[in-house]
Amino acid sequence: MTVESVQPVPPRAAEPIEPPLARGGVPGLGHGWKLVRDPLGFLARLRDEGDVVRLALGPKTVYAVTSPALTGALALSPDYKIDGPLWESLESLLGKEGVATANGPRHRRQRRIIQPAFRLDAIPAYGPVMEEEAADFAARMASGEPFDCTSESFRVAVRIAARCLLRGEYMDERAERLCVALATVFRGMYRRMVIPAGPLYRLPLPANRRFDRALADLHALVDEIIAERRASGRKPDDLLTALLEAEDDKGDPIGEQEIHDQVVAILTPGSETVASTVMWLLQVLTAHPEHADRVCAEVGSVVGDRPVAFADVRKLSHTNNVVVEAMRLRPAVWILTRRAVTETELGGYRIPAGADIVYSPYAVQRDPRSYERNLEFDPDRWLPERVKDVPKYAMSPFSVGNRKCPSDHFSMAQLTLVTAAVARRWRLEQVSGSNDTTRVGITLRPHRLLVRATPR
């Protein structure tokens, strides 16, 4: 053996270690009581305990991921799938057949079915509907009476989704039903996620009965929409027609349950998240009149005397930044879960096969390690010269990778149009009885936002 043939032995990579256990657990409930009492504060403080931290939720051990880099790695890695406490709690609403909860080949097939409806070149066709609904939304503030932002935000979100994607012309009454039912359902689902006491939720208690009635009404609403389309014989070029004509991997029509679950995914999580964001945008316009004035001035400079149009969205840079900053501070989707497919390593920590993982966009997007003046509402942080300072994955309101929300551009367009239409016409102020503190459920929204509009 020559000296040249002797190769140095590379240093052995450090073995993954067990993440630390978060402080403050309670026997029996673990950290579930903290997620009930102060979920946002609890999750925001976890970064101080490590990039990956173990939580006890009842009998379960859950791994909380807290840093932007690792939440990005988690979302992009095939070692983790859509599953865990959040998705288990949502199954009674979303089912197991829809794109929101599917994994693997089924998810890829379903994405192929729905993706054409959300292509960039398809979205301008929805422009007239978005313009009309945004203008009508702003016009409903003209009565001078307190404007109920909860029901009205749901109405505009459901109507845009129904008219653009399901070609529905009948959504006023159904939007109201959806608004009432979702508030009850999502509150119950959150309890089931953080306190997994399965048999207790089957007892005939008042809260359980309210949850069951609301859930049944949601599914009945979807069945009405599908049955109405079938009975009409119409086949407009929309997402519902694509679902009714879609085929599975064997070339057979997809099942009724899958069609039902896909329509649920269009109408419920999408409407809930858009509606919650509209509520926060209205709260922003009341709390930050200086930015409302800037939006008004920007819209006027772009459109002059005519109504704001879909084609104007790209030119409304400050309005877009207001929307993004509102989503940073008050993301509708504030908590997400995954499940490890196999034993793996994340940031030097061992993640066992089958482990449930949780991470919070709310905590990541408010982290002072990522944002200067992290709790300040500052839309200018998204200007080109400043946005480069935001760490990668510290702002992912529509997620990343193959689970990225397919309707991201669709949602941003309608949020920008609604904000522009309102700010151009009205100055908003909260009125007696309004409560804009954060209500935590599966999504975040104000408890009860009531505003009065004064003409500009």
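Over the face of which residue does Arg 328 lie? I found Arg 328 over Tyr 371, at 4.6 Å from the ring centre. My criterion for a charge over a ring was NZ of Lys or CZ of Arg within 6 Å of the ring centre and within 35 degrees of the ring normal. I also noted the charged end of Arg 330 over the ring of Trp 280, 4.6 Å from its centre.

I worked on a predicted model, with pLDDT of at least 70 required for local features and 80 or more for side-chain atom pairs, while totals for chains, interfaces and linings use all residues. Residues are numbered from 1 along each chain as its sequence is written, and side-chain values use heavy atoms, with hydrogens and water left out.

I next looked up aromatic pairs (ring centres of Phe, Tyr and the six-membered ring of Trp within 6.5 Å; planes under 30 degrees apart stacked, over 60 edge-to-face, the rest tilted). The count is three. Tyr 126 and Phe 410 are edge-to-face, with 5.4 Å between centres and 85 degrees between planes. Phe 137 and Phe 147 are buried.

Finally, I examined nonpolar cores (buried Ala, Val, Leu, Ile, Met, Phe, Trp, Tyr and Cys joined through side-chain atoms within 4.5 Å). The largest has 92 residues, and those with the most contacts inside it include Phe 137, Met 141 and Phe 410. Apart from it lies another core of 18 residues, Trp 280 among them.

Notes:
Buried < 20%, exposed > 50% of the residue type's maximum accessible area, 1.4 Å probe, protein only.
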